[in-house]
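Visitor: I have a structure open and would like to go through it piece by piece. Can you take my questions as they come?

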Amino acid sequence: MTDPAIDCSHLTHRYGEFTAVDDLNLTVQAGETMGLLGPNGAGKTSVVRVLTTLTPVQDGTVRIFGLDARRDTMDIRHNIGYVPQQLSIEAALTGRQNVDLFARLYDVPRKQRRARVDEALDAMQLFDVADALAGTYSGGMVRRLELAQALVNRPALLLLDEPTVGLDPIARDGVWSQVADMQQEYGMTVLLTTHYMEEADALCDRVALMHHGVLQTVGTPTELKAGLVSEAAPEPSLEDVFRHYAGSDLSEDGTRRGLKEIRSSRRVARRVG
Amino acid sequence: MSVDGAIHIELVRAPHGLRRVGCLLRRMGAFGLVELQKLTHDRTELFTRMVQPALWLLIFGTTFSRLHVIDTGGVPYLAFLAPGIIAQSALFVSIFYGIQIVWDRDAGILAKLMVTPAPPAALITGKSFAAGVRSVAQVVGVLVLAYLMGIHLTFNPLRILAAMAVVVLGSAFFACLSMTLAGLVRNRDRLMGIGQAITMPLFFASNALYPVDVMPPWLRTLSAVNPLSYEVNALRALLLGTPGNTLLDVTVLVVAAVLGVLVASALLRRLVR
């Protein structure tokens with residue numbers, strides 16, 4: 001039997017006194033698309049950072065395809081692709097050079113490198129602008145370039161941390177359709193975090209909802225919506241599910257984190273023009 | 001996108017043994033290449049950075065050479081000064097590399113790179129190499145200016161190449177020092193202040209402007225532990241033919257650069273936590 005793509009058991013992560021992730025148990029099967037939802041400060045990004053091995057596991061266990069995130073960090077890194085929340089490309093390099101760097105870092109063999117870079121750029125519809133400086137790209141193009149970087153090693157697990165934040169609806173649709181195409185072509189497992197409920201509803205096989213670092217519920221969008229059917233709300237949306245579990249409160253910490261994210265995004269936006 | 005039965009995943013394993021060394025070297029090369037690519041897209045920096053060393057040679061050097069107050073052991077003051085100015089301009093290039101890495105952290109680039117299979121040492125070495133390459137451009141500029149001013153520096157291409165290698169080593173150390181400070185203070189503004197605070201003391205506590213013999217004893221002690229002095233010694237021996245222990249100077253620079261890479265690499269992960 002294939003190991004689950006992600007298996008978190010009693011994962012707890014703290015920043016000093018603050019518990020960002022509290023006793024998380026979550027399993028994602030290989031080939032599945034899982035949405036991790038929750039308001040700002042819910043702990044989604046902390047979970048993603050642990051899964052990417054960027055942050056060490058403090059308490060609990062995390063296994064990626066059976067590999068231990070404490071012990072087998074390098075093996076895990078060879079098999080994942082990661083797109084962080086911020087628009088993070090080298091604006092002073094061309095699109096092709098940005099992707100080529102990742103192909104080199106992931107040991108894509110020299111003979112295949114050019115073809116794999118072109119393939120990733122083509123899949124993200126950036127082939128025609130591949131030799132332009134990435135600093136001249138629009139926000140949507142930058143996101144697609146980041147996806148090309150994350151996909152050039154054909155990862156078994158793709159981790160997307162709010163990849164469509166700050167993008168207009170057309171750019172968002174573009175990003176998701178590329179992800180869906182690549183997921184179908186390579187059978188990748190995808191874990192994504194997003195604030196857009198309609199996206200999670202349309203794209204995810206299952207969603208997990210976090211609030212204050214605690215996993216509130218997991219299930220298919222249909223199951224979660226069905227659980228909220230009532231006379232007053234005969235056809236609840238995933239957004240209703242989100243509101244049901246997250247409520248409308250924003251803790252002081254959540255607000256502070258939200259502002260930090262906005263400041264960070266503005267800095268990056270200035271940098272990439 | 002639903003999951004039907006077991007999906008066979010072929011995991012890529014991290015290289016072991018000697019293959020790890022080869023991969024590490026390739027990744028260092030990849031980071032070095034990226035820095036060169038950035039330079040080719042914007043060469044203005046190379047020219048603007050030449051202004052300061054030119055002013056030091058043209059104004060400070062010319063004026064002090066007329067005063068005849070510094071005993072340089074029979075070497076004309078301008079010739080004595082030129083290698084010091086090369087080392088100084090390389091120091092000024094390198095000492096702000098920490099700010100660049102904090103900038104990469106803020107832009108999310110560092111996090112993305114840190115979840116690739118590239119170890120921190122590869123990233124740090126690549127950045128250090130880039131600082132060296134930028135500094136080599138300064139060597140060429142100062143040499144051309146020195147020849148135009150009639151300063152008698154060597155024309156021997158092998159000695160010039162060796163001088164460039166010395167500058168690369170010195171720059172690598174100071175870039176690592178800057179990235180080490182970045183790992184400690186983790187804040188761009190604070191780092192900028194520290195960079196400015198240490199640059200001039202490093203410069204004045206070296207033999208770049210005056211020989212060690214004219215220094216007060218306490219400054220001589222500082223100069224003896226300042227890698228910039230060893231860099232200047234080696235440059236004077238190579239470009240002017242002044243007697244010196246070039247082997248010792250180069251050994252100190254190699255050891256300093258290796259230690260710098262190790263310490264900066266160990267602290268790099270602190271930046272993204």
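Guide: Strand β9 (residues 206–211) of chain A runs parallel to β3(A), and four bridges join the two. This is a predicted model.

Visitor: Which residues face each other there?

Guide: A:M34 has A:R206 in β9(A) as its bridge partner. Further pairs include A:L37 with A:L209 of β9(A).

Visitor: Is β9(A) buried or exposed?

Guide: β9(A) is largely enclosed by the rest of the structure, because six of its six residues are buried. A:R206, A:A208 and A:M210 point one way, while A:V207, A:L209 and A:H211 point the other way, and all are buried.

Visitor: What else does β3(A) pair with?

Guide: Strand β8 (residues 189–193) of chain A pairs with β3(A) in the parallel sense, over four bridges. There, A:T33 stands opposite A:V190 of β8(A).

Visitor: What is the strand order of the whole sheet?

Guide: The order is β6-β7-β8-β3-β9-β10 in chain A, an open sheet of six strands with mixed pairing. β6 and β10 of chain A are the edge strands, and each pairs on one side only. From one strand to the next, the twist averages 15°.

Visitor: What holds paired strands together, in general?

Guide: Strands of a sheet pair through backbone hydrogen bonds, either parallel or antiparallel.

Visitor: How many bridges are there between β7(A) and β8(A)?

Guide: Five, with strand β7 (residues 157–161) of chain A and β8(A) pairing in the parallel sense. A:L159 stands opposite A:L191 of β8(A).

Visitor: Which helix packs on that sheet?

Guide: Helix α9 (residues 238–246) of chain A does, touching β3, β9 and β10 of chain A. The direction of α9 makes about 30° with that of β9(A).

Visitor: Back to β9(A). How does it run against β10(A), parallel or antiparallel?

Guide: Antiparallel, with five bridges joining β9(A) to strand β10 (residues 214–219) of chain A. A:M210 stands opposite A:L215 in β10(A). The hairpin of these two strands has two residues between them, and A:H212 takes a positive phi near 50° in this hairpin.

Visitor: I clicked on A:H211. Why does it count as buried?

Guide: A:H211 counts as buried because it has 21 C-beta neighbours inside 10 Å, and the cut-off is 20 or more. A:H211 is found in strand β9 of chain A.

Visitor: What does A:H211 touch?

Guide: Leaving out residues up to four places away in sequence, A:H211 touches A:G38, A:P39, A:A42, A:Q216, A:Y245 and A:A246.

Visitor: How far apart are A:H211 and A:D201?

Guide: They are 10 residues apart in sequence, and 18 Å apart in space from C-alpha to C-alpha.

Visitor: New topic. Which strands form the four-stranded sheet?

Guide: The strands are in the order β2-β1-β4-β5 in chain A, forming an open sheet with antiparallel pairing. The edge strands are β2 (18–28) and β5 (67–68) of chain A, each of which pairs on one side only.

Visitor: How many residues does each chain give to the contact between A and B?

Guide: Chain A gives 43 residues and chain B gives 33 residues. On the side of chain A that touches chain B, the largest share comes from α3(A), with five residues. By class, that side of chain A has 17 nonpolar, 17 polar and nine charged residues.

Methods:
Residues numbered from 1 in each chain as written. Chains lettered and ligands numbered in written order. Predicted model: local features only at pLDDT ≥ 70, side-chain atom pairs only at ≥ 80, totals over all residues. Pairing = 2+ DSSP bridges. Contact = placed C-beta atoms within 7 Å. Nonpolar A, V, L, I, M, F, W, Y, C, P; charged D, E, K, R; others polar. Buried ≥ 20, exposed ≤ 12 C-beta atoms within 10 Å, placed from the backbone. Axes fitted to C-alpha atoms, helices over the stretch in contact; angles between N-to-C directions.
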